[in-house]
Amino acid sequence: MMMNSMKSQFNVNRGTVIDGKWHQNRYLIEKELGYGANGVVYLAKFRNQHVALKMSDNGISVTSEVNVLKSFSKVQGSPLGPSLLDVDDWKTQGKVISFYVMEYIQGPDLLSFIKQKGDSWTAVLILQLLSDLDKLHKAGWVFGDLKPENLIVTGPPPKIRCIDVGGTTIQGRAIKEFTEFYDRGYWGLGSRKADPTYDLFAVAMILINCAYPSRFNKDAGGLEQLKERVKQSKQLQPYESVILHALQGKYHSALEMRQSLIENMQGSTGQQQTRMQKHTKPAQQAHATAPLKQQKKKKKGGVAETLMLILLISCLYFFYIYGQVI
Amino acid sequence: MRTGTLKQILLITDGCSNQGEDPIAMAALAKEQGITVNVIGVMENDVIDDQGMQEIEGMAMSGGGVSQVVYAKQLSQTVQMVTRKAMTQTLQGVVNRELSQILGNRQTVEDLPPDKRGEVMEVVDELGETVELEVLILVDTSASMKQKLPTVKEALFDLSLSLNARSGQNRFSLFVFPGKKNDVEKMLDWTPKLESLTSIFSKLTTGGTTPTGPAIREALTYFKKKKSLRSLLSRDDDEFYEESI
């Protein structure tokens, strides 16, 4: 069997009608949206609504992706992936082609969006991504093939979504699909076992990718090369510590990385202000809980004081009584 | 649960065979013995000609495996993808056979309604994660491969990284052809760790003919020897599939 890239594998043009064999739904193809190793995605119309239809001559990968999409729908409040609308077969020219239909997620991919709207959106979108990833991780999955091409920004208001779930893997298993640049195994920084830190590594690489849109190859490899690249980029300065932490797998959850990113952003806005403010602002924000603690201490001190007084007075009273008795 | 073993030959080459038996026939012979043949063609500055392409596709087709022709740069990604894809394909085949026994009329997964397929796929996924895997890597070391060997080494490293992330056992062995004296030469005996091949690659010399057919035939006997030894201790692998699914 030869695995070509799937382009031009199916003779599907604008206007082709796809008839489902099992559910008898009719889809009218409008154009090709993209293709990958596992199939071609088309924009189609169904009951006057736009949908995305993915077709593959490999029924296995269709079923496998449908499984993932189904379990995505069970993750509450996580609209990270597209919702699944239909799964069916299409009989054409004596062949049976499996396909599935999902919600059409429209918008530019992550890098084009940031290029268009400015760098200030980077942190916002990464924060959105991290909270969605957290929900996915809590449901026992790892996304696997995280990369800017798979991330679409819809809106307004801008919201990050994932379009390719082919790499999504149950935690503890081997990652199903990955892209070298975003894979920690490639950089020699960890295994390909699916755990939350695998995704967080990819998020860090996406941040690096924002500063180096054309990516770069591994040379000496490892952490040193990545560190060097992060240091060289002015754009990455505010995220430096977060990126390095994530690259080394030091964050245990997406939420932890998210929190760290928020704190970092606040720290970096402080740096841009005057020296006086710089001293007061981060202190106030980072230690928002500090005044509370001091108050508690005071309260504790008050109790001790009262006790001491009572003790002292009762001591004196004791001596007084003692003297009286004698 | 005792799991059976999947057996694969991974052939990495950059051109046509020019000596000995027809490699496509030898790949078919492998398939008859339950061994899948995957073939990867590597190009760098040269291009694999039509005849070479046909041979590569032919070997994978008759060997029941997967083939792909790539530039050296993409080799790592390809090697692990081809191996995994072939695993899924084999497991799917096994599951299909079971299904047609249960359902009759040569029914396969594709004949089930899409909703039911998901459950079958979960079984295949689960098996792919836990099944034992033996990969015999067969590397072409004819003169034109000289430049590509460092990339091959890296790709094999990457392969062990991918496969060792599974919970199932892996065993690898490495053979090169042509060998110093014979058509094929063993460089690394069955081992779960491919990391040990670093030192081997620096010692490799390239040159000579491309006896792809004889190399596959030789490689088969190596599986066999091992199997006959193991079969004294364990049950036949096919039996497992009938019982476990």
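Colleague: Are helix 4 of chain A and helix 6 of chain A parallel, perpendicular or oblique to each other?

Modeller: This is a predicted model, in which local features need pLDDT of at least 70, side-chain atom pairs count only at pLDDT 80 or more, and totals for chains, interfaces and linings use all residues. Residues are numbered from 1 along each chain as its sequence is written, chains are lettered from A and ligands numbered from 1 in the order in which they are written, and side-chain values use heavy atoms, with hydrogens and water left out. The axes of helix 4 (residues 196–211) and helix 6 (residues 240–247) of chain A come within 8 Å and cross at roughly 140 degrees, where axes are lines fitted to C-alpha atoms, for helices over the stretch in contact, with angles from 0 to 180 degrees between N-to-C directions, and helices (H or I, at least four residues) and strands (E, at least two) are DSSP runs numbered from the N terminus. Angles under 35 degrees count as roughly parallel, over 145 as roughly antiparallel, 65 to 115 as roughly perpendicular and the rest as oblique, and therefore helix 4 of chain A and helix 6 of chain A are oblique.

Colleague: How many nonpolar, polar and charged residues make the contact of helix 4 of chain A with helix 6 of chain A?

Modeller: Contact means heavy atoms within 4.5 Å, and helix 4 of chain A contributes residues including Leu200(A), Phe201(A) and Ile208(A), while Ile243(A), Ala246(A) and Leu247(A) come from helix 6 of chain A. With Ala, Val, Leu, Ile, Met, Phe, Trp, Tyr, Cys and Pro counted as nonpolar, Asp, Glu, Lys and Arg as charged, and the others, Gly among them, as polar, the division is nine nonpolar, no polar and no charged.

Colleague: Which classes make up the contact of helix 3 of chain B with helix 5 of chain B?

Modeller: The axes of helix 3 (residues 75–103) and helix 5 (residues 149–163) of chain B come within 8 Å and cross at roughly 45 degrees, which makes helix 3 of chain B oblique to helix 5 of chain B. Among the residues in contact are Val79(B) and Met87(B) of helix 3 of chain B, and Glu154(B) and Asp158(B) of helix 5 of chain B. By class, this contact has seven nonpolar, five polar and two charged residues.

Colleague: Which residue forms a salt bridge with Lys159(A)?

Modeller: A salt bridge is a side-chain nitrogen of Lys or Arg within 4 Å of a carboxyl oxygen of Asp or Glu, and the structure holds 17 of them over all chains. For Lys159(A), the closest N and O atoms of the pair are 2.8 Å apart, and the partner is Asp132(A). The pair links distant parts of the chain, 27 residues apart, with Lys159(A) in strand 9 (residues 159–162) of chain A and its partner, in helix 3 (residues 120–138) of chain A, being Asp132(A).

Colleague: Which residue of chain B meets Asp89(A) in a salt bridge?

Modeller: The interface joins 38 residues of chain B to 29 residues of chain A, and across it the rule finds four salt bridges. In one of these salt bridges, with an N to O distance of 2.4 Å, the side chain of Asp89(A) meets that of Arg117(B).
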